[in-house]
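Trainee: I have a structure open and would like to learn how to read it. Can we go through it step by step?

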Amino acid sequence: MSFTSSRPENRRQVTDARALRALAHPLRLALLNHLMAFGTQTASQCAEVVGSTASNCSYHLRSLARYGLVESVDPEDGRERPWRSTATGLQFGGTDDPAVALGADTVERVLVEKQIDDEAALTHRAVAGRDALPADWKDAMRLSGYALRMTPDELRDLGDRLDALIRPYIGLTRKDAPEGSEVVALHLNAYRHPDARTS
């Protein structure tokens with residue numbers, strides 16, 4: 001399943017408590033993640049991937065639309081309505097209102113934990129299906145872990161430089177995707193090791 005989108009980059013900061021609450025629903029989050037990875041899709045196409053029904057997906061897509069997270073697109077064939085994400089990336093938090101910040105932190109923690117679980121499940125599926133991949137995709141697959149020694153400033157700088165390196169390849173915004181390109185999942189997690197001694 002590949003697509004060409006080349007939309008302008010639109011990274012959205014989500015601070016609205018209602019939008020955060022809408023994203024806390026696992027099916028809504030799965031739908032949004034799917035639209036952000038694969039571009040415009042119908043509820044039926046989404047249902048095949050997220051393991052639900054088209055009518056249930058339609059309901060949850062409409063809920064996401066109420067908070068401006070997805071939007072309907074005019075159907076090309078005049079039949080089923082396609083949907084797309086309104087943003088090409090999301091960030092959470094960043095509000096000065098203490099009441100909203102507390103709720104946002106709680107929902108963000110739930111979303112991050114769900115994302116970690118989803119990424120682990122996706123990686124398990126990729127590893128399980130690796131023998132069926134064409135040789136070039138199999139050889140290109142990378143699963144690496146590193147134990148780095150750095151300061152918080154170095155970690156922040158590394159994250160910024162990795163983001164700048166990766167950003168030109170984001171599926172929703174890439175204008176020059178060559179023939180044969182497909183959606184690739186890349187997950188980078190960097191944090192002080194939980195077993196590190198407190199200074």
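Predicted model: local features only at pLDDT ≥ 70, side-chain atom pairs only at ≥ 80, totals over all residues.

Trainee: Which pattern of helices and strands does the protein chain follow along the sequence?

Mentor: Start with the parts. The protein chain has 7 helices and 5 strands. Read them in sequence order, and the pattern is β-α-α-β-α-α-β-β-β-α-α-α.

Trainee: What percentage of the residues in the protein chain count as buried?

Mentor: Look at the extent first. The C-alpha atoms fill a box of roughly 60 × 50 × 30 Å along the principal axes. A residue counts as buried under 20% relative accessible area. Of the 199 residues of the protein chain, the buried share is 23%.

Trainee: Among contacts between residues at least 6 apart in sequence, what percentage join residues at least 24 apart?

Mentor: Contact here means heavy atoms within 4.5 Å. Take the contacts in the protein chain between residues at least 6 apart in sequence. The part of them that joins residues at least 24 apart is 67%.

Trainee: How far apart should the ends of helix α2 be, at 1.5 Å a residue?

Mentor: Helix α2 covers residues 26-38, which is 13 residues. The expected span is 1.5 Å times one less than the number of residues.

Trainee: Is α2 roughly parallel or roughly perpendicular to α4?

Mentor: Helix α4 covers residues 54-66, and its axis comes within 10 Å of the axis of α2. The two axes cross at roughly 80 degrees. Angles of 65 to 115 degrees share one label, so α2 is to α4 roughly perpendicular.

Trainee: How do the residues of that contact divide by class?

Mentor: On the α2 side are Leu27, Arg28, Leu31, Leu32 and Leu35. On the α4 side are Asn56, Cys57, Tyr59, His60, Leu61, Ser63 and Leu64. By class, the contact divides into 8 nonpolar, 3 polar and 1 charged.

Trainee: At what angle do the axes of α3 and α4 cross?

Mentor: Helix α3 covers residues 43-50. Its axis and that of α4 come within 8 Å. The label is roughly perpendicular, and the crossing angle is roughly 105 degrees.

Trainee: How many charged residues does the contact of α3 with α4 have?

Mentor: From α3 come Ala43, Ser44, Cys46, Ala47 and Val50. They meet Ala54, Cys57, Ser58 and Leu61 in α4. The contact has 7 nonpolar residues and 2 polar, and the charged residues number none.

Trainee: Is Thr88 buried or exposed?

Mentor: Thr88 is in the loop between β4 and β5. Its contacts beyond four places in sequence include Arg7, Pro8, Met36 and Leu172. The relative accessible area of Thr88 is 9%, under the 20% cut-off, so Thr88 is buried.

Trainee: Which backbone nitrogen does the side chain of Thr88 reach?

Mentor: Look among the residues in contact with Thr88, such as Glu9, Asn10 and Arg11. The side chain of Thr88 reaches one backbone nitrogen at 2.8 Å. That nitrogen belongs to Asn10.

Trainee: What is the relative accessible area of Gln91?

Mentor: Gln91 is found in strand β5, residues 89-92. Beyond four places in sequence, Gln91 is in contact with Arg11, Arg12, Gln13 and Val14. Gln91 is partly exposed, with a relative accessible area of 37%.

Conventions: Residues numbered from 1 in each chain as written. Heavy atoms only, no water. Helix = DSSP H or I, 4+ residues; strand = E, 2+ residues; numbered from the N terminus. Buried < 20%, exposed > 50% of the residue type's maximum accessible area, 1.4 Å probe, protein only. Polar contact = N/O pair within 3.5 Å; in protein donor to acceptor, adjacent residues only side chain to side chain. Axes fitted to C-alpha atoms, helices over the stretch in contact; angles between N-to-C directions. Parallel < 35°, antiparallel > 145°, perpendicular 65-115°, else oblique. Nonpolar A, V, L, I, M, F, W, Y, C, P; charged D, E, K, R; others polar.
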